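Me: I have a structure open and would like to go through it with you. Could you take my questions one at a time?

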Amino acid sequence: IAEKWNLPPNICAAIAAHHNLDRGEGAEELTSVVHVANELCLMAGIGIGGDGLRSPLSATAIELLELSEDDLLEIMSDMVDNVEKASPMFEMARVA
């Protein structure tokens, strides 16, 4: 899908490798960001996608991004707040 949307190659590679960080060569940081974002969404109950149940949050990604447990909790809290703020937009899209 990312390629069909003409996203840049590094973003396509990060999306493709976010479940297997070893495949994200050359884009380790971006792949880690996509991985952590995906896992935090699943932990918050946002989506399940075609990936099935969530995989463990990678310690390698956490270390590479230098995230603490407090950082992760703050990111998740902000994410949930922003999804709630955007929910009216999602509802309008369903009606259209």
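Reply: What follows is a conversation about this predicted model.

Me: How many helices and strands does the protein have?

Reply: The protein has four helices and zero strands. Read from the N terminus, the order of elements is α-α-α-α.

Me: And what share of the residues is buried?

Reply: Of the 96 residues in the protein, 24% are buried. The accessible surface is about 6,900 Å², and carbon and sulfur atoms account for 58% of that surface.

Me: Which residues make up the largest nonpolar core?

Reply: That core has eight residues in all: Leu21, Val36, Leu40, Ala61, Ile62, Leu72, Met76 and Met79. At least two residues come from each of helix 2, helix 3 and helix 4. Helix 4 gives the most, with three residues. As a general background, nonpolar side chains in soluble globular proteins tend to be buried together.

Me: Take alanine 61 from that list. What does it touch, leaving out residues up to four places away in sequence?

Reply: With those residues not counted, alanine 61 touches Leu21, Ser32, His35 and Val36.

Me: Histidine 35 comes up there. Is it buried or exposed?

Reply: Histidine 35, which lies in helix 2, is buried because its relative accessibility is 3%, and the limit for buried is under 20%. A polar atom of the histidine 35 side chain lies 2.9 Å from the backbone nitrogen of serine 58.

Me: What else is histidine 35 in contact with, beyond four places in sequence?

Reply: Setting aside neighbours within four places, histidine 35 is in contact with His18, Leu21, Pro56, Leu57, Ser58 and Ala61.

Me: Now helix 1. Which of its residues are buried, and what do they pack against?

Reply: Cys12, Ala14 and Ala17 are the buried residues of helix 1. The buried residues of this helix pack against helix 2.

Me: Let us turn to the surface. Which residues form a nonpolar patch there?

Reply: The patch consists of Ile1, Trp5, Leu7, Ile11 and Ile15, which together have about 510 Å² of accessible area. Isoleucine 1 sits in the segment before helix 1 (9-17). Isoleucine 1 counts as exposed because its relative accessible area is 72%, and exposed requires over 50%.

Me: I would also like to check the backbone. What is phi for asparagine 6?

Reply: Asparagine 6 has phi near 60°, a positive value in a residue other than glycine. For context, most residues other than glycine have a negative phi. Asparagine 6 is in the segment before helix 1, and its relative accessible area of 66% is why it counts as exposed.

Me: And glutamate 66, what is its phi, and where is it found?

Reply: Glutamate 66 has a positive phi of about 55° although it is not a glycine. Glutamate 66 is located in the loop between helix 3 (59-64) and helix 4 (69-95). It is exposed, because its relative accessibility is 69%.

Me: Last one. Among contacts between residues at least 6 apart in sequence, what share joins residues at least 24 apart?

Reply: That share is 41% in this protein.

Methods
Residues are numbered from 1 along each chain as its sequence is written. This is a predicted model: local features need pLDDT of at least 70, side-chain atom pairs count only at pLDDT 80 or more; totals for chains, interfaces and linings use all residues. Side-chain values use heavy atoms; hydrogens and water are left out. Patches are made of residues with over 30% relative accessible area and no salt bridge: like charges are joined within 9 Å, nonpolar side chains (Val, Leu, Ile, Met, Phe, Trp, Tyr) within 5 Å. Accessible areas come from the Shrake-Rupley method with a 1.4 Å probe; for residues, only the protein chains shown count as cover. A salt bridge is a side-chain nitrogen of Lys or Arg within 4 Å of a carboxyl oxygen of Asp or Glu. Buried means under 20% relative accessible area, exposed over 50%, partly exposed in between (1.4 Å probe, protein chains only). Contact means heavy atoms within 4.5 Å. A polar contact is a pair of N or O atoms within 3.5 Å; within protein, one must be able to donate a hydrogen and the other to accept it, and residues adjacent in sequence count only if both atoms are side-chain atoms. A nonpolar core is a set of buried Ala, Val, Leu, Ile, Met, Phe, Trp, Tyr and Cys residues joined through side-chain atoms within 4.5 Å.
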